[in-house]
Amino acid sequence: PEGAPTTLFGLPDGDVKEDDRLTKTTDTLIFETKDWTFGHACRVVEFRVQAKGGPFRFAYSLDEGVSWSSEVELPVSDNFTEYSVPLNLTTQHIRGRITTEAEEFDLKWIEPWYIPRVRSKSLTT
């Protein structure tokens, strides 16, 4: 609610994590996106993240957060930097997760980049 001293994140497994940047009592920040759902299966070629601070880790889920990919470690940056995590998978749903123990971390945006199925049929991997 407005004026609350902290931000709480509810995770699908029932855990609640606290983002308390004022008192720095939170050991780990976990930011989990919504599911991006496409009208049909698409080729997801990368996830892009713009952030500063860190280091931080990125993972993705294709099953609504039940299981996660291996985490990719992304470096520290003093300025907002665009990071690209290359992927090459076909899916109809995908969600991302950022995890960090850094005291200073700002996330500006996160999004998957994809190719519609019609165009991706001709691509080779």
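Glutamate 64 sits in the loop between β5 and β6 (72-74). Its phi is near 60°, a positive value in a residue other than glycine. Strands here are DSSP runs (E, at least two residues), numbered from the N terminus.

This is a predicted model, in which local features need pLDDT of at least 70 and side-chain atom pairs count only at pLDDT 80 or more, while totals for chains, interfaces and linings use all residues. Residues are numbered from 1 along each chain as its sequence is written, and side-chain values use heavy atoms, with hydrogens and water left out.

Another loop, between β4 (36-53) and β5 (56-61), holds proline 55. A cis peptide bond links glycine 54 to proline 55, with omega about 10°.

Two glutamates lie in strands. Glutamate 46 belongs to β4, and glutamate 82 to β7 (residues 77-100). Glutamate 46 is buried (under 20% relative accessible area; exposed is over 50%, partly exposed in between; 1.4 Å probe, protein chains only). Glutamate 82 is partly exposed.

| Residue | Relative accessible area |
|---|---|
| Glutamate 46 | 13% |
| Glutamate 82 | 44% |

The side chain of glutamate 46 makes a polar contact of 2.7 Å with that of arginine 48. The side chain of glutamate 82 also pairs with that of arginine 48, in a polar contact of 3.2 Å. A polar contact is a pair of N or O atoms within 3.5 Å; within protein, one must be able to donate a hydrogen and the other to accept it, and residues adjacent in sequence count only if both atoms are side-chain atoms.

Beyond four places in sequence, glutamate 82 is in contact (heavy atoms within 4.5 Å) with Arg48, Val49, Gln50 and Trp109. The C-alpha atoms of glutamate 82 and valine 49 are 5.6 Å apart.

How values were computed: Helix = DSSP H or I, 4+ residues; strand = E, 2+ residues; numbered from the N terminus.
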